[in-house]
Amino acid sequence: MSETTLSPQVLIVGAGPTGLMLACELVRRGVSFRLVEAAPGPQPGSRGKGIQPRTLEVFDDLGVVDRVIAHGRMAMPIRSTAPDGQVAVTIGETFTGRPDIPYPATLITPEWRIEETLRLRLAELGGAVEFGAALDSFEQSDDGVSAVVVKNGEAETVAARWLVGCDGGHSVVRKQAGIAFEGETRDEVRMIVADVEVDGLDREAWHMWRHDEGLVFLCPLPSTDAFQYQGSILPGQNPDLSLANMQAILDRRSGRADIRLHEPEWSSLWRANIRLVDRYREGGVFLAGDAAHIHSPAGGQGMNTGVQDAHNLGWKLAAVAKGASPALLDSYEAERRPIAVGVLALSNARLAEAIDEKSIPIRRDATTMQLSIGYRGSVLARDDRDETAPLRAGDRAPDATKLVTVAGERRLFDLTRGGRFTLLSFGATPAVSGLRTLHVVEHLAGPDDIADTEGQLACAYGATDRTLVLIRPDGYVGLISDAGDVSAVTDYLAAL
């Protein structure tokens, strides 16, 4: 028997990092939702572990970045041993000393810590996850989505305006929506992944051994006693997840007998699945995270891309729920699908390297940090700048430090935090009604005045003494007017 419950605006299916991030975005904007997760409780295992600088900025905006960093390690070195015994220690590219980039490197932390942090933040904001609640089916109508959710053997019908599938690569939402998931599975590259405690190995670096038969990694997981074990499995090699097989692989490939693994806390056999949906939306149903795109772990892109999907979609759903034009939701796929295409291209390139080198390469550089992701050409990007300008509408809004306010010294991200539109006015433009406006001035007079004492802000934004910059709720530049055209700002907001 099915019971009909009160209608939330949004039904979110899947409580991994993507679903949790979306729920946090909605609850902090006062939009009703339900977040259901088929699993009986939080999922174990490190799974993804690399948090990119752009995602750290997203977590900063949500108010949780300090917790995330406290459980991780920035710029962990990689200690690589070649078949001939030669050892090389490398550290990925960093952006240390850049005032426009507050988080200069990739952070290593287990995925379950990210989920833990987001669940805590969700609870602080008044939301919760419904574990053991599985989506059974749904139907769409002009009024929204009617979904059947089964919990404790009881079915209930949930009516919502929108349904968002954040339920991973095997997404029930995607399958029932009839959205194609195009791509391929590459069995020639597989990998045992497990969380294990280890004796005989230091935790100062991510250890990697290359052997003629493949690679084996042991990466210390900060804030835990475990390492993440990764062992490539090529055709004909034993994929068994037993401790004995994992230990044998490590012994052969490392050439050492003094490193001992404990029984795995969690393990999985990963296969190279590279797929992308043909569309992110079907009526009132949206897809985000692994439900929309899956790819190789090279470069640490998966979890990050999903979190940023949710950051993009969340403010748009909230805006439309409160009266903005429904057309705003069309920009979600238009902006995010090309990003996934780029991530898949990067993953394909890294996978080709893996096949050629009989390895699974690790590379941490500017191409993986996601700071260059942007939406130039989007319907939400407008400016009056030349195409050669370094910063244009659609780009990530850069940070700046050494800004003086009546409350003391601040960085720009301190002042824009909270997921709202913010207008930066470098001239004498009056405040726009209902819009938070930060005035860049020489002499402080009010709480919204900021003094750019070292010129970092003007440099980052290429600003003149007339420039207006509208920063979107998700930290991207929506509009730039070097002509100081206030009507361009009001017209932009009115169009939403």
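I counted the charged side chains of the protein and found 50 positive and 68 negative, with the centres of the two sets 1 Å apart. For this count, Lys and Arg are positive and Asp and Glu negative, while His and the chain ends are left out. I placed each charge at NZ of Lys, CZ of Arg, CG of Asp or CD of Glu.

I note that this is a predicted model, in which local features need pLDDT of at least 70 and side-chain atom pairs count only at pLDDT 80 or more, whereas totals for chains, interfaces and linings use all residues. Residues are numbered from 1 along each chain as its sequence is written, and side-chain values use heavy atoms, without hydrogens and water.

**Overall form**

I looked up the secondary structure and found 11 helices and 31 strands. These are DSSP runs numbered from the N terminus (helices: H or I, at least four residues; strands: E, at least two).

Along the principal axes, the C-alpha atoms fill a box of roughly 70 × 60 × 35 Å.

Of the 496 residues, 55% count as buried. Buried means under 20% relative accessible area, exposed over 50%, and partly exposed in between (1.4 Å probe, protein chains only). Among contacts (heavy atoms within 4.5 Å) with a separation of 6 or more, 69% join residues 24 or more positions apart.

**Helix 6**

I compared the length of helix 6 (residues 243-254) with expectation: its end C-alpha atoms are 16 Å apart, in agreement with the 16 Å that 12 residues should span at 1.5 Å a residue. The expected span is 1.5 Å times one less than the number of residues. The buried residues of this helix include Met-246, Ile-249 and Leu-250. Its buried residues pack against strands 14, 16, 17, 18 and 19. Just after helix 6, I found Gly-255 with a positive phi of about 70°.

Most residues other than glycine have a negative phi. I recorded Ser-223, whose phi is near 70°, in the loop between strand 17 and strand 18. Ser-223 counts as partly exposed because its relative accessibility is 34%.

I also recorded Gln-370, with phi near 65°, in the loop between helix 8 (330-357) and strand 24 (382-383). Gln-370 has 2% relative accessibility and therefore counts as buried.
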